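Trainee: Could you take me through this model feature by feature, giving the general idea before the particular case?

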Amino acid sequence: MLGPIKIKGKVTGFRRSEKLEIGAENYFEAFYELGKKVATLVQEQYKNFIADFDEKKLAQEIARGHERLDYMEKLSNAGAFKIDGVNYLQRYLSAFYGTAQGVGLTYPESMMMQMETIGCQTIMVQDKKTGVVRMVHAEEDSSFSRFGKEKYRYRVVDIKTGTTKVKFYYYPELFGWGPAIGINETTGMVLCIDDLIPTKKYSTGNFTSMAVAFMMLDCGDLKIVDQIMDRLRSVDVLKLEGGYAIHMAQADEEKPVMRSAECIYDRFEYIEPVVSTGRNIIAQSNCPINED
């Protein structure tokens, strides 16, 4: 794995109160602190999420949250995503539990929040001669409004846990890093994610797409991402809830490397870039490419 790489970047468009910096010894403590900082926002999101649920529907969703969490705990305990001595799924769960406790929601309630429906699109272009990767990632959310401050929910967060430093764009309803744009500043990986909207038969699963995104940005290394993809394909009966198109670019000793993976329900495949005028191009909206 590459050593620490300093990525220079300037974050604009956020007020000082919307830029959060957190340092802790472990993932649980770091995300517990994050949960405390965004508790009011997340609790409001939860109320909005369940506003139209009757008692039966709420009980069903909480039961599904229990089931997903139990399944993921079993996989973590079995070491299904333990690579080179690091249990990446347990790291996600530690972040999840820490956030839930900081926010003040139960674990099943928090697991319900992991299915978001925010639209986004990404374009990545890599010059084949120089290796330079440029990207544009657009976030879309119908509840967003600069004129209604109660609707404004986004934050940019810097978290340092041990030797890992990650900067990421944060939605309060998602308990962990990974969605939208994230930078693993320790390894030099940039990750952009498009939320996929599958047909109904691929919409319900037992494993959160958020966990996949978290593990990939957490490892920050495309070689380990390959192993995570292999594990996702090989684990029996694993089905994602929803899906993500995950676009990655990583600094290398020679030149940057660009990859794109589509993870939806039981499909985990790389998407090859389009080659045009000496450039590799990846362009993705919310429509799955690999869906029947």
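Mentor: Let us begin with the surface: the protein chain has an accessible surface of about 14000 Å², and 51% of that area belongs to carbon and sulfur atoms. Such areas come from the Shrake-Rupley method with a 1.4 Å probe, and for residues only the protein chains shown count as cover. Keep in mind that this is a predicted model, in which local features need pLDDT of at least 70 and side-chain atom pairs count only at pLDDT 80 or more, while totals for chains, interfaces and linings use all residues. Residues are numbered from 1 along each chain as its sequence is written, and side-chain values use heavy atoms, with hydrogens and water left out.

Trainee: What percentage of the residues in the protein chain is buried?

Mentor: A residue is called buried under 20% relative accessible area, exposed over 50% and partly exposed in between, using a 1.4 Å probe and protein chains only. Here buried residues make up 54% of the 292 residues in the protein chain.

Trainee: How many residues does the largest nonpolar core have, and which have the most contacts inside it?

Mentor: A nonpolar core is a set of buried Ala, Val, Leu, Ile, Met, Phe, Trp, Tyr and Cys residues joined through side-chain atoms within 4.5 Å. The largest one has 73 residues, and those with the most contacts inside it are Leu34, Phe81, Leu89, Phe207, Met216 and Leu238. With contact taken as heavy atoms within 4.5 Å, and leaving aside neighbours within four places in sequence, Leu238 is in contact with residues including Tyr71, Phe81, Phe207, Tyr265 and Phe268.

Trainee: How many helices and strands does the protein chain have, and which strands pair with β13?

Mentor: Helices (H or I, at least four residues) and strands (E, at least two) are DSSP runs numbered from the N terminus, and the protein chain has 7 helices and 16 strands. Two strands pair if DSSP finds at least two bridges between them. Strand β12 (residues 243–250) pairs with β13 in the antiparallel sense over 8 bridges, and β13 pairs with β14 (residues 267–270), also in the antiparallel sense, over 4 bridges. Alanine 261 in β13 is the bridge partner of isoleucine 246, and alanine 261 also stands opposite tyrosine 270 in β14. In the hairpin of β13 and β14, with 2 residues between the strands, tyrosine 265 takes a positive phi near 55 degrees.

Trainee: Why is strand β13 described as largely enclosed by the rest of the structure?

Mentor: Strand β13 (residues 257–264) is described that way because 6 of its 8 residues are buried.
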